[in-house]
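Have the model open beside you as you read.

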Amino acid sequence: MATTQAPAARGVLDRYFHISERGSTVATEIRGGLTTFFAMAYIVVLNPFIIGTVRDNGFQGNYLGGGSEPDLAAVAAATALVAGVLSILMGTVANYPMALAAGLGLNAVVAYSVAALPDMTWADAMGIVVLEGLVILVLVLTGFRQAVFNAVPHDLKIAITVGIGLFIAFIGLVNAGFVRVPASLATPVELGIGGSLASWPLLVFVVGLLLTVVLMVRKVKGAILIGIVSSTVLAVVLEAVVRAGGSEAADGEPVATGWRLNVPALPDTWFMLPDLSLIGQFSLLGSFSKMSAVAVLLLVFTLLIADFFDTMGTMVAIGGEAGLLDEKGNPPRTTRILVVDSIGAAAGGAGSVSSNTSYIESAAGVGDGARTGLAAVVTGVCFLLTMFFSPVVAMVPYEAATPALVVVGLLMVVQVTGIDWKNLEIAVPAFLGIILMPFAYSITAGIGAALVTYVIIKLAVGKVRQVHPLLWVTAVLFLVYFLQGPIGVALGI
């Protein structure tokens, strides 16, 4: 009886996620989901250090959760819970190999720009995040968000993918310390430490990168995941021998030769019950009593414009790498993808962990063969387990995880040949979009520069009719976004 039930069970799973139809297998999806998880699990550790260590500007100046001391464990547990639920939702509803978690950059805006405003509490700040998510959800349900996405020319969609590839590779290089700001500030960045790879953690990064590349060239399945696990084991062994320590000394001074994010070591305990006390600690309309409605709306717009276009770029990049895009460069079930992502923004605020958004690190799993939502479900389950096994995640330093991002960046950049570089009307905005993503450290800035430049060029050469009406609206919104500083001053905000 077992021999007949197993194929039937596999058939149900295969049919629901269209696994065979997309040229994948259950094993491949599981491996891809694990790879994505290891590539983005750092957020469970990093998000608490961004939003959990900053006091709000309310009457008492409390940390997230209302206490007088940071509660990083609670922030980590809530971060993992929300990411897990949303990633599973993305997999089951949209059947797309893309996971969600608290958005880097967005969490910094909430911590240092929103919660820092006069009289603003963390509950008020998270209420603004919920409002932003609800507004985006309305834009999706009315078809506006997808209509804007469809209006973007195909070549610019490719440019967005390429730009994100460079961006994610740059993130990997910087987070590992392979490229960093020099102490002398003589140049914007430099290689390693004073132009030299003079630390044990950097050795782990280089070994992990070369190992992953060699495995991929030799077409070894699971190359990226093998690279992450092998690098972590090497890091744990090295730390036990050389005692490199962390990247920050006890007095707060930076240590160039130390491990970044986590010091790799076997944990004292492997299991910990999660503290979920932060869930639901938000005030939906509390910010309106602290500032003018115009100021609140401008804050919502700032978060919205980043969420709105970051996800568009991410889902195109993931779809392009997975071979899931149609002839117009659109992924399947686009509306469902955007609905789940919009819910993620609101859920992140409701969970007190900042807006959750689709993660470009999902490309690591796609690079390892993931093609369906089953991979996102696996990633989500891993996040839920992380609530209980957070000490295990803390073993992985940046130097062991980031080689995957560099390799995935390579896989995405090769699509640059699909752009018509001989047509300057496309080449110029495509180029600006590509270079500004890593140089400005912002996917939104790159997309905005590309679209605004494209509209201006078409206007200048008298080809206004080639510009979709929604692109005019989008270009104006991006101009407002780029000029929000002067606009805020003019409005007295």
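Lys463 is partly exposed, because its relative accessibility is 31%; the label covers values between buried (under 20% relative accessible area) and exposed (over 50%), with a 1.4 Å probe and protein chains only. Its salt-bridge partner is Glu425, and the closest N and O atoms are 2.9 Å apart. A salt bridge here is a side-chain nitrogen of Lys or Arg within 4 Å of a carboxyl oxygen of Asp or Glu. The two residues are 38 places apart in the chain, with Glu425 in helix α18 and Lys463 in the loop between α19 and α20 (469-482). Helices (H or I, at least four residues) and strands (E, at least two) are DSSP runs, numbered from the N terminus.

Glu425 also meets Lys458 in a salt bridge, at 2.7 Å from N to O. This pair joins helix α18 (residues 424-439) to helix α19 (residues 443-460), across 33 residues. Glu425 counts as buried because its relative accessible area is 15%, and Lys458 is buried too, at 4%. Through shared partners, Glu425, Lys458 and Lys463 form one salt-bridge network.

## How to read this model

The model is predicted: local features need pLDDT of at least 70, side-chain atom pairs count only at pLDDT 80 or more, and totals for chains, interfaces and linings use all residues. Residues are numbered from 1 along each chain as its sequence is written, and side-chain values use heavy atoms, leaving out hydrogens and water.

## One more salt bridge

How many salt bridges does a search of the whole structure find? The search finds 3. One of them joins Asp124 and Lys290, with the closest N and O atoms 2.4 Å apart. Asp124 sits in helix α6 (residues 122-141) and Lys290 in the loop between α10 (223-242) and α11 (293-322), so this pair links parts of the chain 166 residues apart. Asp124 is buried, with a relative accessible area of 5%, while Lys290 is partly exposed, at 31%.

Side chains of opposite charge can pair when their charged atoms come close.

Arg31 lies in helix α2 (residues 26-40). Leaving aside neighbours within four places in sequence, Arg31 is in contact (heavy atoms within 4.5 Å) with Lys221, Gly222, Leu225 and Asp368.

Glu321 belongs to helix α11. Beyond four places in sequence, the contacts of Glu321 include Val366, Gly367, Arg371 and Leu411.

## The nonpolar interior

A nonpolar core is a set of buried Ala, Val, Leu, Ile, Met, Phe, Trp, Tyr and Cys residues joined through side-chain atoms within 4.5 Å. The largest one has 112 residues, and Tyr96 and Trp122 have the most contacts inside it. Helix α11 gives the most to this core, with 15 residues.

Trp122, leaving aside neighbours within four places in sequence, has contacts that include Ile51, Val54, Tyr63, Leu64 and Val110. Another core lies apart from the largest one and has 8 residues, among them Ala176, Val179, Phe205 and Val406.

## A nonpolar patch on the surface

Leu266, Trp270, Phe271, Leu273, Val381, Leu385 and Phe389 form a nonpolar surface patch, with about 710 Å² of accessible area together. Patches are made of residues with over 30% relative accessible area and no salt bridge; like charges are joined within 9 Å, and nonpolar side chains (Val, Leu, Ile, Met, Phe, Trp, Tyr) within 5 Å. Accessible areas come from the Shrake-Rupley method with a 1.4 Å probe, and for residues only the protein chains shown count as cover. Leu385, in helix α14 (residues 373-386), counts as partly exposed because its relative accessibility is 45%.

Most residues other than glycine have a negative phi. Leu185 has a positive phi of about 60 degrees, and Arg243 has one of about 55 degrees. Leu185 is in the loop between β2 (179-180) and β3 (190-191), and is exposed, at 63% relative accessible area. Arg243 is in the loop between α10 and α11, and counts as exposed because its relative accessibility is 62%.
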